Amino acid sequence: MTKKDFIKALSENSGLTVEDSTKAVDGMMQSMSDAFKSGESITLRGLGTFDVKTLTNRHGRDMQNGGVINLPDTRKVKFVPCKELKEAMKL
């Protein structure tokens, strides 16, 4: 599902106009990005938790010459679905 598809589905399910749905999605994405940049986790009941994890300085391989390279600290966002969502996704 693309952002455009998501906005259309939100509009249909909520009764909001497409313009209002677009503003809501854009605002949500900006708020989430700001929280992730500051290292905050986000928990949405009924959906799950977005955790910001820091990968510390580590070693990797240079695929061209086979040498070892140092990889700097990086952050990543990990999503953990809640119990209800896990149950709903079971076939």
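The questions below ask why features of this predicted model carry the labels they do.

Q: What kind of model is this, and which atoms count?
A: This is a predicted model, where local features need pLDDT of at least 70 and side-chain atom pairs count only at pLDDT 80 or more, while totals for chains, interfaces and linings use all residues. Residues are numbered from 1 along each chain as its sequence is written, and side-chain values use heavy atoms, with hydrogens and water left out.

Q: Why is the stretch of residues 3-14 called a helix, and what span does it reach?
A: Helices are DSSP runs of H or I with at least four residues, and strands are runs of E with at least two, numbered from the N terminus. Helix 1 has 12 residues, so it meets the helix cut-off. The expected span is 1.5 Å times one less than the number of residues. Helix 1 reaches 16 Å from its first C-alpha to its last, close to the 16 Å expected.

Q: What makes strand 1 and strand 5 edge strands?
A: Three strands form an open sheet in the order 1-2-5, with antiparallel pairing. Strand 1 (42-44) and strand 5 (74-81) each have a single partner strand, so one side of each is left without a neighbour in the sheet. From one strand to the next, the twist averages 20 degrees. That angle lies between axes, which are lines fitted to C-alpha atoms (for helices over the stretch in contact), and runs from 0 to 180 degrees between N-to-C directions.

Q: Why is the contact of Asp 26 with Lys 3 called a salt bridge?
A: A salt bridge needs a side-chain nitrogen of Lys or Arg within 4 Å of a carboxyl oxygen of Asp or Glu. The closest N and O atoms of Lys 3 and Asp 26 are 2.6 Å apart, so the pair passes. The pair links distant parts of the chain, with Asp 26 in helix 2 and Lys 3 in helix 1, 23 residues apart.

Q: How do you know that Glu 87 and Lys 90 form a salt bridge?
A: Their N to O distance is 3.4 Å, so the pair also meets the cut-off. The structure holds two salt bridges.

Q: Why is Lys 90 called exposed, but Glu 87 partly exposed?
A: Buried means under 20% relative accessible area, exposed over 50%, and partly exposed in between (1.4 Å probe, protein chains only). Lys 90 has 56%, so it is exposed. Glu 87 has 46%, so it is partly exposed.

Q: What makes Ile 69 partly exposed?
A: Ile 69, in strand 4, has 34% relative accessibility, so it counts as partly exposed.

Methods:
Pairing = 2+ DSSP bridges.
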